[in-house]
Amino acid sequence: MHSYTIGQAARLLGVSPDTARRWADAGRVATHRDDSGRRLIDGRDLAAFSVELARTGSGEEEPPYTSARNAFPGIVTAIKLGDVAAQVEIQAGPHRLVSLLTREAVEELGLEVGMEATARVKSTNVHIDRA
């Protein structure tokens, strides 16, 4: 199973390492220590926490101006495999992205819940919001 350092988890959740550390200290997400003493978060625990966080909000101030980018680094939170097709969900900070692709592509990529992945979006229409 994949494990993530506090810094890696913070980047995937879209928060500062200090915020991720405070959440771990408060018991909001479980951690364990590796042989060198670093705190790590199990990939499945991080995936579940990222979904919960997106549902309930981070409690941090949102930036006043936003523009969606074409690359969304995040964590795989669900995979549904069919005979030919597959559905993969990625939680990228507050954004949940769902992709439909072939089962073969999922297997070739070695995707599994809890691992880091990047969703890339190509579109001829891009919307920009200003709060």
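Is Trp23 buried or exposed, and what is its relative accessible area? Trp23 is buried, at 8%. The points below take up that residue and its surroundings in a model that is predicted.

1. Overall layout. The protein chain contains four helices and seven strands. Read from the N terminus, its elements follow the order β-α-α-β-β-α-β-β-β-α-β. The chain has 131 residues, and 34% of them count as buried.

2. The aromatic pair. One aromatic pair turns up in a search of the whole structure. Its members are Trp23 and Phe49, with ring centres 5.4 Å apart; the planes meet at 65°, so the pair is classed as edge-to-face. The cut-off that matters for this assignment is an angle over 60 degrees. Trp23 belongs to helix α2 (residues 17-25) and Phe49 to helix α3 (residues 43-56), so the pair, with partners 26 residues apart, links distant parts of the chain. Both partners are buried: Trp23 has a relative accessible area of 8%, and Phe49 has a relative accessibility of 3%.

3. Helix α3. This helix has 14 residues, and the distance from its first C-alpha to its last is 20 Å, close to the 20 Å expected at 1.5 Å a residue. Its buried residues are Gly43, Leu46, Ala47, Phe49, Ser50 and Leu53. Viewed down the helix axis, they fall within an arc of 170°, so they line one face of α3. Phe49, the partner of Trp23 in the aromatic pair, is one of these buried residues. On the face turned away from the buried side, α3 carries the exposed residues Arg55 and Thr56.

4. Helix α1 and what follows. The buried residues Ile6, Ala9, Ala10, Leu12 and Leu13 lie in α1. Their arc, seen down the axis of α1, is within 165°, so these residues also line one face of their helix. An α-helix has 3.6 residues a turn, so residues three or four places apart point the same way. Gly14 follows α1 and has a positive phi, near 75°.

5. The loop between α1 and α2. Ser16 is located in the loop that joins α1 (6-13) to α2. With a relative accessibility of 32%, Ser16 counts as partly exposed. Ser16 and Ile6 are separated by ten residues in sequence and by 9.5 Å in space, taken C-alpha to C-alpha. Ile6 itself is among the buried residues of α1.

6. The second largest pocket. This pocket holds about 230 Å³ of space. Its lining consists of 13 residues, of which Val88, Ile90, Ser99, Thr118 and Ala119 are the closest to the centre. Strands β5 (85-92), β6 (95-102) and β7 (116-120) each contribute at least two residues to the lining. Sorted by class, the lining has ten nonpolar, two polar and one charged residues.

7. Strand β6. Thr102 is a residue of β6, a strand that also supplies at least two residues of the lining of the second largest pocket. Thr102 is partly exposed, its relative accessible area being 39%.

Technical notes: Residues numbered from 1 in each chain as written. Predicted model: local features only at pLDDT ≥ 70, side-chain atom pairs only at ≥ 80, totals over all residues. Heavy atoms only, no water. 1 Å grid on protein atoms, 1.4 Å probe; cavity = no way out; pocket = protein on both sides within 12 Å on 5 of 7 lines; lining within 4 Å. Points joined across faces, edges and corners; volume = space filled by probe spheres on them. Nonpolar A, V, L, I, M, F, W, Y, C, P; charged D, E, K, R; others polar. Phe/Tyr/Trp six-rings, centres within 6.5 Å; stacked < 30°, edge-to-face > 60°. Buried < 20%, exposed > 50% of the residue type's maximum accessible area, 1.4 Å probe, protein only. Expected span 1.5 Å × (residues − 1). Arc of directions from axis to C-beta.
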